[in-house]
Amino acid sequence: GSYLVLYDLEKLEVAKVIPLPGVVAFVDTVYYWNGKYVFLSWATSEVGILDAETGKIKMLSVVQPGLGLGVTKAGYFYVVSNGYDREKDMG
């Protein structure tokens, strides 16, 4: 399994380790937004949304694999991809 490891940059130590059941691998970037950690699972082509308070994870399918580049102030996670299949997205 995979884990989200949070480091305390002031104390220079591990602050928290959160297991990510069902997630095999993810991009080296994790974003924090509105009490949630957001990451991209490459192994399953899903966006993972981990509630920081409860530790519960929700997974959202990604239409086209790509690079997760951030979360907007409005709460949109954006993925840059080299292709897009509208039929697959609407299905």
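**Basis.** Because the model is predicted, local features need pLDDT of at least 70 and side-chain atom pairs count only at pLDDT 80 or more, while totals for chains, interfaces and linings use all residues. Residues are numbered from 1 along each chain as its sequence is written, and side-chain values use heavy atoms, without hydrogens and water.

**Overall fold.** The protein chain holds 8 strands and 1 helix. Helices (H or I, at least four residues) and strands (E, at least two) are DSSP runs, numbered from the N terminus. The order from the N terminus is β-β-β-β-β-β-β-β-α. The chain has 91 residues, and 23% of them count as buried. Buried means under 20% relative accessible area, exposed over 50%, and partly exposed in between (1.4 Å probe, protein chains only). Among contacts with a separation of 6 or more, 22% link residues 24 or more positions apart. A contact means heavy atoms within 4.5 Å. The accessible surface is about 6,600 Å², and carbon and sulfur atoms supply 55% of this area. Accessible areas come from the Shrake-Rupley method with a 1.4 Å probe; for residues, only the protein chains shown count as cover.

**Strand 4 and its neighbours.** Strand 4 spans residues 36-41 and is mostly covered, with 5 of its 6 residues buried. Strand 4 runs antiparallel to strand 3 (residues 31-33) and also antiparallel to strand 5 (residues 46-51). Two strands pair if DSSP finds at least two bridges between them. The table sets out the two pairings.

| Pair | Bridges | Residues between strands | Turn residue with positive phi |
|---|---|---|---|
| Strand 3 and strand 4 | 3 bridges | 2 residues | Asn 34, about 50 degrees |
| Strand 4 and strand 5 | 6 bridges | 4 residues | Ser 45, about 55 degrees |

Both pairs form hairpins. Trp 33 has Lys 36 in strand 4 as its bridge partner. Ser 41 stands opposite Glu 46 in strand 5.

**Nonpolar patch.** Tyr 3, Val 5, Tyr 7, Leu 9, Val 14 and Val 17 form a nonpolar surface patch, with about 630 Å² of accessible area together. Strand 1 (2-8) and strand 2 (13-20) are the elements that give two or more residues to this patch. Strand 1 gives the largest share, 3 residues. Patch residues have over 30% relative accessible area and no salt bridge; like charges are joined within 9 Å, nonpolar side chains (Val, Leu, Ile, Met, Phe, Trp, Tyr) within 5 Å. A salt bridge is a side-chain nitrogen of Lys or Arg within 4 Å of a carboxyl oxygen of Asp or Glu. Val 14 lies in strand 2. Val 14 is partly exposed, at 44% relative accessible area.
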